[in-house]
2 protein chains.
Amino acid sequence: MTIQSIPIKVNLANLKASCSACTLHELCLPMGLSLDDTELVDKIINNRRKFLRGDYLYRAGDSFRSLYAIRNGFFKMSELAEDGCEKITGFYMAGELLGMDAISDDRHHYHVVALEDSMVCEIPFADLEHLTSTIPALQHHFHKIMSREIVADQGHMLLLSKMKAEQRLAAFLLNLSQRLGARGYSPTHFYLRMTREEIGNYLGLTLETISRTFTHLQQEGLMTVHHRDVELHDLLRLKGMLNHY
Amino acid sequence: MTIQSIPIKVNLANLKASCSACTLHELCLPMGLSLDDTELVDKIINNRRKFLRGDYLYRAGDSFRSLYAIRNGFFKMSELAEDGCEKITGFYMAGELLGMDAISDDRHHYHVVALEDSMVCEIPFADLEHLTSTIPALQHHFHKIMSREIVADQGHMLLLSKMKAEQRLAAFLLNLSQRLGARGYSPTHFYLRMTREEIGNYLGLTLETISRTFTHLQQEGLMTVHHRDVELHDLLRLKGMLNHY
DNA sequence: TCGGGACTTTGATTTAGATCAAACAAGATT
DNA sequence: AATCTTGTTTGATCTAAATCAAAGTCCCGA
């Protein structure tokens, strides 16, 4: 069994509440949809599909038909330049929605690859739009989800344009921590699903800088890393590092 | 008359076609809305409001009620850290929609300031959502607009994480060029509405680097800059600079 | 017409992080 | 167990851009 396939311990009760079936489900239930509406939503969600580590969910250039809700697992989204140079635009985990960039011109703009074995629900976009026009609460929720993607991307822009290496890595770890915590996983102890190179790529740094910065954060007593096993010792001090640009 | 207030020469025929009244108008007309639907859209758009250079359209933290469509003019969007350090997240021009980040949690996340005298239409978001649920073509178009914002932000992320100073500036100029061209302005000859410092801020560089890079691009014969008057001599070669990361 | 302020250019120096290089782990494969 | 592969750490050196510094330009208001 590889490290990558070791399942993380989950607080099941929590997970169930925040991600009962599939993203869309999670998305609409808290919106106070009626039972009938919930059934309508369930109907358009296609069967879950399994992806093994390394599988592509879709590729840049693929024509756009559906959004994808991650039921569980972990994905990276990236652009591949002609020269083979990869540029990672984001990491996505359970409860998150993939493919919203493709609405703009009916083509996916990026590759999406599973970084661990994962389960995904396909949501045909035409069906979703049909449903959102009949269920106002669902429409509003969908707008919020797109808006959150915008906020997240703009946050990452600021990270890339203003923060130093140490701050970027701290922000990255805190972001993972927060998202894992929201899903019922431990916010302070988790496995990284990606290599140092992929982290560096995403943060606009090299793998060597990531490695050195991990070493430094450990020396400061802020965290422990062994391979991909991360333990954050002091979330507050980590957050404190982000304030001063 | 300051340089900032010199009006740029416009191809009026073009402008009219692509931006007849207000952004939303421009947005829905090409979607094949019926005349009746178009009238409905017009009804929810509040009177145009004028903003002088330096005026705030809204501030970070303001509660979210409306999106804003720029009828004409130029705005910058920015975050202001406690220490007073500004971080510019984007520049917006005629025909673009502001405030979509605020849908996520009913608060504006950034400040928006006019960089020249501008005219803006306010679009109450509740009204817009009401309309989008009754006009499917409008809903779809709105989703495309949000999606385009996501694509643009992700493109800027890649710029910030992978490109060198010269490529960033070239990409910035080409982006302005393309957007101005789409609005009927000259894509090769335009005024910059922002300072070198603001460009640098947005591109993750210092004003000195922007200045030196302008000088260098001029020496290469790719462009001419006098103060804020930019002339691009070779769009193809500028585009060629972006390929190699 | 002069002087002040905002912005820009250019030069000298410094530095954070990139790049180059080598050794080292931990699994996976034989 | 021995070897290979993939990913990681650490060290030495280099470099693009930051920072520090000074002078120049344009605009504006008195």
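Predicted model: local features only at pLDDT ≥ 70, side-chain atom pairs only at ≥ 80, totals over all residues.
Student: How many bridges join β4 to β5(A)?
Tutor: 7 bridges, with β4 (residues 74-80) of chain A and β5(A) running antiparallel. For one pair to look at, A:Phe74 stands opposite A:Met93 in β5(A).

Student: Now chain B. What is the strand order of its open sheet?
Tutor: In chain B, 4 strands form an open sheet in the order β2-β7-β4-β5, paired antiparallel. β2 (56-58) and β5 (86-93) of chain B have a single partner strand each, so one side of each has no neighbour in the sheet.

Student: Which residue is the bridge partner of B:Leu80?
Tutor: B:Glu86, in β5(B). Here too, 7 bridges join β4 (residues 74-80) of chain B to β5(B).

Student: What lies across β4 and β5 of chain B?
Tutor: A helix from chain A: α5 (residues 136-162). Helix α5 of chain A runs at about 125° to β5(B).

Student: What rotation superposes chain A on chain B?
Tutor: A rotation of 180°, with 0.0 Å of shift along its axis and an RMSD of 0.0 Å. That is the relation of a two-fold axis.

Student: Which residue of chain A comes closest to the rotation axis?
Tutor: A:Ser133, at 2.0 Å by its C-alpha.

Student: Do the copies meet through the same surface or different ones, and why?
Tutor: The same surface, because 100% of the interface residues of chain A are also interface residues in chain B.

Student: Switching to helices. At what angle do α4 and α5 of chain B cross?
Tutor: Roughly 120°, and the axes of α4 (residues 125-134) and α5 (residues 136-162) of chain B come within 5 Å. The two helices are therefore oblique to each other.

Student: Which residues meet there?
Tutor: From α4(B), B:Leu131, B:Thr132 and B:Ser133; from α5(B), B:Leu138, B:Gln139 and B:Phe142. By type, the contact has 3 nonpolar, 3 polar and no charged residues.

Terms used. Residues numbered from 1 in each chain as written. Chains lettered and ligands numbered in written order. Axes fitted to C-alpha atoms, helices over the stretch in contact; angles between N-to-C directions. Parallel < 35°, antiparallel > 145°, perpendicular 65-115°, else oblique. Contact = placed C-beta atoms within 7 Å. Nonpolar A, V, L, I, M, F, W, Y, C, P; charged D, E, K, R; others polar. Least-squares fit on C-alpha atoms with pLDDT ≥ 70 in both. Pairing = 2+ DSSP bridges.
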